[in-house]
Amino acid sequence: MNAIPPAAPADPAPQWHALPAEAVRRELEVGEDGLDDAQVRRRRGIHGFNRLPKPPRRNPILRFLAQFDNVLIYVLLAGAVAALVLGHMIDAAVILAVVVVNAVVGFVQEGKAEAALGAIRDMISPRANVIRGGARTSVPADELVPGDIVLLEAGDRVPADLRLTHARNLLIDEAILTGESVAAEKHNAPAAPDAPLGDRTSLAFSGTMVAAGQGTGIVVATGTATEIGHISTLLANVEPMSTPLLRQINEFARRFTLLALACGVVLFFFAVHARSFGWADALIAVVALAVGVVPEGLPAVITITLAIGVRRMAARNAVIRRLPAVETLGATSVICSDKTGTLTRNEMTVRSIITAEGFLRVAGAGYAPEGGIATLHGEAVHPAATDPVGRLLLAGALCNDAQLHWRDGRWIVDGDPMEGALLTLARKADLDPSQERGTWERLDEIPFDSGHRFMATLHHAPGGGGIIFVKGAPERLIEVCTSQMAGDGTGHDVRAAMDADYWHEEIAKAAAHGERVLGFAFRPLPKLASRLTFDDLRDGLVFIGLTGFIDPPRDEAVAAIRECHTAGIAVKMITGDHAATAAAIARQLGLSPTPAVATGADVEALSDDELPALAARTDVFARTSPQHKLRIVKALQTTGAVVAMTGDGVNDAPSLRQADVGIAMGRKGTEAAKEAAQVVLLDDNFASIVAAVSEGRTVYDNIRKMIAWTLPTNGGELLAVVFAIAAGLAMPLTPAQILWLNLITAGTLGLALAFEPAEPGVMARRPRDARAGLLSPFMLWRVLLVSVLFLIALLAVYFYSLSRGDDLALTRTLCVNALVILDTFYLFNVRYLNTSSFTLRGALGTRAVLAAVGAVALGQFIFTYAPFMQAAFDTRPVTWQDGGLLVLLGIAIMIVLEIEKWLLRRFRLFGME
Ligand code: ATP
């Protein structure tokens, strides 16, 4: 076996699965301590980064052409052809310009959005836990090289192809490789040389997911050399840029277009037969109107708005993995949040130690091992190895996977913060955890799981025999312990019968202060065993005592919860922690002065029909397991709530999927949770959820504003032309002018709304009804009102100009300019749908708004005064006085609409507040 040549690109790869683990180590020249920096660098030079090639971007030409693949654009193109056939070159050219401008805006913005989404996705690229240079560290998964020792635990995505050297109850879901839906059992024994992929039980393949257990493996292949690297089809898997809202808009636009065409046909026949228009003139007028009312730019502009929302959320530490979450976040009515690390800082410090001998205070803050242990009277305590305190410190240091390091001028923890705090505690009593770990060799362990809520380790006792240490939720340990360490104050190991009442009382006291309480127990084994099973914990356990940890609430969370309350969003804490601890923290956070608490057991006792009522009125769910979370989400959803739910563990995946918005923790979350979630929080912070909700509301507001702007501005011109035809008057706008209007305003003013910042008070309203469609009664009212106002204004200009004896061409030029000015003023009104626009902030506008207004103004000056445009569109120069009158008209309409807004708010019509 040793004769197998070293892995070089041209050689056939060794059959890693069939080699004994030792041979793999030798082959890849790696010892127990892992690779050192020099080895990593050298190997990276040979093998490159552990990356798969990015999927090729779509061909830009195809991407551009795809912009034309839309019913709305077909209608426009048909219109251009019709104009061309009728010999109306200008009209055909303007329609084509509309189509091209639309496609270019769509193409550029879509490209930008895709690039931004790609960059944001890189922000949550996975990491791997490795042993390098003898220490456990976390590195970006793409920096792994062959020979690296990787640690796996439940919820991890395997970062490279690994030959397992250690596996404990390891189950790996290999569906993406083998299609097998049942997770495969893995161990470290060599598999048969001819075993097919699915039977290579000694390998963990890159890209597969650890469903349960723990393992350690040596990287044998990275990047394209991995099994997944051989499958290229997977790479093409790009998330579509679509959301329910976008589909709703597309569907609406399609129907609207069909309706417009039907009306166009009627109008055409009416004009030809009842108003004796020439059929060619009537046709071109109808085509221009249809082009004018088709909201062809809307889908692209809304996609852009969503993409901007994604970018803004990422800037506030919420990374969107699935686009629909942007919309749903804005409708969120309940946020169910974990406690530890999300609402609290997850910076644990042991504050108290409670044994049968009494209560001890621990001084110091943070992870620095400074401060000592003392009695309530201030006498320093120096525990002996055999007394309860000494045994508790030892259990805390050994039943522990964390490491404490002095790095960059401060103490930091690799691993679970609570375990880190136990290491600090040990050091405060002059116990060196790494030395103890060497003396008490660990043989096996049962890892912590939020389902069973404890962790146990089996050690070789230096004096002979073995010992099991257990730490976990104290009630669980008290239940199974048959005796307790009593101590006699002399440092001896004295036992007594279990006094459960005493412990429960002490737990309640500590928890009432918001301390997180952890229990410790041990079991001596006269005969050394090599495996630890749940059966070993059934009897013979001796309870040692308790520790109380403080984990202060995050200041930002307190403010964010207050914001949720004003925004009508209910916040519920769902935690694995003790009920009293959770309630105390909830009070500190301002969740409620008297939080209603329910436990996992309460949830279990209720049927699916009874649960919704409890779920709705409860603020804190304590001692819950991931299964309870799933039921709680479902129960809340039956009450009509839109539920955002946080999670981090592999078992949280079902509830994250069930929630309307599943939110995974970027730092402490497993890959399984991140993949099930729609949103990943970069800083694990509750405040970031609330920030994302606020951005989500802004996005939805902006989309509403776009619709509220687009439909009536199109509607006004439509009504004016229809009115003219019906009344047998000369048209107030020529077909070419209608097309010009569409060209000049849609790509500028409409687009500016995509960049709008949040309105003031965006978090002072109740969540919107997620089931209500976009075209709410308010929107319909707005579309109707503004269309009619525009019609009246336009007719006023039309008749005033004609009555003055102006030539029809000048009248029409005035009408076009009037419409553009009305559109612009209306834009300022629509920017604030819920509050007044008559503010300094409202008047100043944003850069996007000002740029759009500038572009439109420039376009209109050219349209009105440039001789070549006068020739093409039959326009006439407008006097300054007339221009001033048109602006006054715009201001008048704006005032009317501001009064309308005020009245709606005053009388709370259409749900306005
Ligand atoms: P959250 O509030 O985010 O749900 P939590 O820490 O309160 O998190 P879990 O992590 O499920 O919830 O922990 C539940 C209980 O399990 C804790 O209160 C503690 O008693 C115990 N526990 C937590 N971590 C460990 C660990 N590493 N080893 C042993 N017991 C643990």
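A cavity is defined, on a 1 Å grid over the protein atoms alone, as a set of points where a 1.4 Å probe fits but cannot get out, and its lining residues have an atom within 4 Å of a point. Grid points are joined across faces, edges and corners, and a volume is the space filled by probe spheres set on the points. The model is predicted, with local features requiring pLDDT of at least 70, side-chain atom pairs counted only at pLDDT 80 or more, and totals for chains, interfaces and linings drawn from all residues. Residues are numbered from 1 along each chain as its sequence is written, and side-chain values use heavy atoms, with hydrogens and water left out.

Four cavities of 30 Å³ or more are present in the structure. Two or more lining residues come from each of helix 10 (298-315), helix 24 (686-727) and helix 25 (735-752); helices (H or I, at least four residues) and strands (E, at least two) are DSSP runs, numbered from the N terminus. The lining of the largest cavity consists of nine nonpolar, seven polar and three charged residues, where Ala, Val, Leu, Ile, Met, Phe, Trp, Tyr, Cys and Pro count as nonpolar, Asp, Glu, Lys and Arg as charged, and the others, Gly among them, as polar.

Of its 13 lining residues, Val101, Asn102, Gly297, Ala746 and Gly747 lie closest to the centre. Helix 5 (89-122), helix 10 and helix 25 each give two or more residues to this lining, and the largest share, five residues, belongs to helix 25. By class, eight residues of the lining of the second largest cavity are nonpolar, four polar and one charged.

The ligand is surrounded by 22 residues, the closest being Lys339, Thr340, Arg516, Thr575 and Arg623; a residue is included if one of its heavy atoms lies within 4 Å of the ligand. Polar contacts (pairs of N or O atoms within 3.5 Å) to ligand oxygen atoms include one from a backbone N or O atom of Lys339 at 3.0 Å. A polar side-chain atom of Arg516 lies 2.6 Å from a ligand oxygen, and a side-chain N or O atom of Arg623 lies 3.0 Å from a ligand oxygen. The protein covers 90% of the 610 Å² of accessible area (Shrake-Rupley method, 1.4 Å probe) that the ligand has on its own. Strand 20 (516-525) is among the elements that give two or more residues to the shell, and its three residues form the largest share. The shell contains seven nonpolar, five polar and 10 charged residues.

Methods:
1 Å grid on protein atoms, 1.4 Å probe; cavity = no way out; pocket = protein on both sides within 12 Å on 5 of 7 lines; lining within 4 Å. Polar contact = N/O pair within 3.5 Å; in protein donor to acceptor, adjacent residues only side chain to side chain.
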